[in-house]
Amino acid sequence: MGPGDEQRPVSRHAKMPAAQRAKQFMPFAALTGLPAALKRKEYEMGLISRAELSEETAAEIDAVLRECMPGDKLSVIVYHSENGRSVGENLTVNGTLERIDGIDRTITLSGRVLHLDDIIEIRRTEEEDDYGM
């Protein structure tokens with residue numbers, strides 16, 4: 001008999017069924033109901049998940065942006081979330097277009113930088129500047 005050929009000692013305990021063994025490694029929810037309570041609170045606060053834009057809506061936003069010139073008055077609805085949270089809110093920002101940056105994918109509206117990916121709706125307007133935030 002060489003090294004590593006030793007026999008494993010016999011256990012005094014009965015062999016545990018595979019299903020029972022698997023339960024040991026299942027995730028444990030220490031705070032049962034917390035995820036549901038957080039979702040309920042987010043709903044009460046008006047927080048929502050980011051909506052996926054249809055191709056048609058994305059094309060409409062693109063068309064408006066292509067026609068816009070600095071100095072145009074715009075009303076933009078953007079999705080806003082803080083600190084990388086998975087939920088946020090839709091905000092309306094009214095202002096004067098200062099810049100469209102295709103590289104950084106942003107627009108600057110009355111000093112406020114908005115990411116193009118956050119825009120849900122955009123339209124030209126003659127209203128005064130208003131951040132709606």
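**View 1. Ser110 in the loop between E4 and E5.** Ser110 sits in the loop that links strands E4 and E5, where helices (H or I, at least four residues) and strands (E, at least two) are DSSP runs numbered from the N terminus. This is a predicted model, in which local features need pLDDT of at least 70 and side-chain atom pairs count only at pLDDT 80 or more, while totals for chains, interfaces and linings use all residues. Residues are numbered from 1 along each chain as its sequence is written, and side-chain values use heavy atoms, with hydrogens and water left out. Although Ser110 is not a glycine, its phi is positive, at about 50°. At 13% relative accessibility Ser110 counts as buried, a word that means under 20% relative accessible area, whereas exposed means over 50% and partly exposed lies in between (1.4 Å probe, protein chains only). The hairpin of E4 and E5 has 2 residues between its strands, and E4 pairs with strand E5 (residues 112–115) in the antiparallel sense over 4 bridges, where two strands are said to pair if DSSP finds at least two bridges between them.

**View 2. Arg105 in the loop between E3 and E4.** Arg105 is found in the loop between E3 and E4, and the hairpin of these strands has 4 residues between them. Phi of Arg105 is near 55°, which is a positive value in a residue other than glycine. With a relative accessible area of 41%, Arg105 is partly exposed. Strand E3 (residues 87–101) and E4 run antiparallel and are joined by 4 bridges, and the bridge partner of Asp101 in E4 is Thr106.

**View 3. The two sides of strand E4.** In strand E4 (residues 106–109), Thr106 and Thr108 point one way, Ile107 and Leu109 point the other way, and all are buried. Ile107 has its bridge partner in E5, namely Leu114.

**View 4. Helix H3 and its buried side.** Helix H3 (residues 55–67) has 13 residues and reaches 19 Å from its first C-alpha to its last, close to the 18 Å expected at 1.5 Å a residue, the expected span being 1.5 Å times one less than the number of residues. The buried residues of H3 are Ile61, Val64 and Leu65. They cover an arc of only 100° around the axis, which puts them on the same side of H3; this arc is that of the directions from the helix axis to the C-beta atoms. These buried residues pack against E3, E4 and strand E6 (119–124), with contact meaning heavy atoms within 4.5 Å. The face of H3 turned away from its buried side carries the exposed residues Glu55, Glu56, Arg66 and Glu67.

**View 5. Val76 and the largest nonpolar core.** A nonpolar core is a set of buried Ala, Val, Leu, Ile, Met, Phe, Trp, Tyr and Cys residues joined through side-chain atoms within 4.5 Å. Of the 16 residues in the largest such core, Val76, Ile107, Ile119 and Ile122 touch the most other members. H3, strand E2 (73–80), E3, E4 and E6 each supply at least two residues of this core. Not counting residues up to four places away in sequence, Val76 touches several residues, including Leu91, Val93, Ile107, Leu109, Leu114, Ile119 and Ile122.

**View 6. Asp118 in the loop between E5 and E6.** Asp118 lies in the loop between E5 and E6, and at 18% relative accessibility Asp118 counts as buried. Not counting residues up to four places away in sequence, Asp118 touches Arg50, Ile77, Val78 and Tyr79.
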